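Student: I have the model open now and would like to go through it with you. Could we start with the overall fold and then move to single residues?

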Amino acid sequence: MSKYIIFHISGGMGKCIAATAVCQAIKKKYPDKKLIVVSAWSDVFKNLDFVDRYYDGNRLEYFYDNYIKDKSSIIFFNDPYYQTSYVNKEKHLIEGWCESLGLDYDGEQPVLKFTYPEVKTANNLW
């Protein structure tokens with residue numbers, strides 16, 4: 001039985017922010033599995049209680065051994081911008097992404113959580 005869901009997101013920060021909604025749908029469908037996110041913008045997934053681990057896609061030492069080899073992990077890796085329903089403007093990006101991964105979309109929205117020092121730094125910039 002698989003213990004992990006590996007969700008690999010390729011692309012920019014905007015796609016990663018949208019992916020936080022997909023992460024919620026993944027956790028809803030697979031609450032007993034650990035959600036491991038791989039992305040070039042891994043900090044987007046920091047502090048999210050529905051993401052168990054996040055990794056920078058350029059720093060994956062031992063990742064295969066820890067999460068894939070002999071683990072029967074479920075791997076989610078596709079590009080939502082190439083889904084027919086999105087390209088044809090039939091569905092929102094997040095809804096089409098969930099559909100392509102076999103997930104129910106229940107209106108999940110992107111989430112960002114900032115630490116107090118991050119908020120303080122941002123406030124000092126303004």
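Tutor: The sheet is open, with 4 strands in the order S3-S2-S1-S4 and parallel pairing, where strands are DSSP runs of E of at least two residues and helices runs of H or I of at least four, both numbered from the N terminus, and two strands pair if DSSP finds at least two bridges between them. This is a predicted model, in which local features need pLDDT of at least 70 and side-chain atom pairs count only at pLDDT 80 or more, while totals for chains, interfaces and linings use all residues. Residues are numbered from 1 along each chain as its sequence is written, and side-chain values use heavy atoms, with hydrogens and water left out.

Student: Which strands are at the edges of the sheet?

Tutor: Strand S3 (53–56) and strand S4 (74–76) are the edge strands, each pairing on one side only.

Student: How many bridges join S1 to S4?

Tutor: Strand S1 (residues 4–9) and S4 run parallel and are joined by 3 bridges, and Ile 6 stands opposite Ile 75 in S4.

Student: Where does H1 lie?

Tutor: Helix H1 (residues 13–29) lies across S1, strand S2 (34–39) and S4, and runs at about 160 degrees to S1; such angles run from 0 to 180 degrees between N-to-C directions, with axes fitted as lines to C-alpha atoms, for helices over the stretch in contact.

Student: And at what angle do H1 and H4 pack?

Tutor: H1 packs with helix H4 (residues 93–100) at an angle of about 50 degrees, and their axes are 10 Å apart. The two helices are therefore oblique to each other, since angles under 35 degrees count as roughly parallel, over 145 as roughly antiparallel, 65 to 115 as roughly perpendicular and the rest as oblique. On the H1 side the contact (heavy atoms within 4.5 Å) is made by residues including Ala 18 and Val 22, and on the H4 side by residues including Leu 93 and Trp 97.

Student: New topic: is Leu 101 buried or exposed?

Tutor: Leu 101, in the loop between H4 and H5, is buried because its relative accessible area is 11%; buried means under 20%, exposed over 50% and partly exposed in between, with a 1.4 Å probe and protein chains only. Apart from neighbours within four places in sequence, Leu 101 is in contact with Phe 7, Val 22, Phe 76 and Asn 78.

Student: And where is Trp 126 found?

Tutor: Trp 126 is in the segment after helix H5 (116–125), and at 84% relative accessibility Trp 126 counts as exposed.
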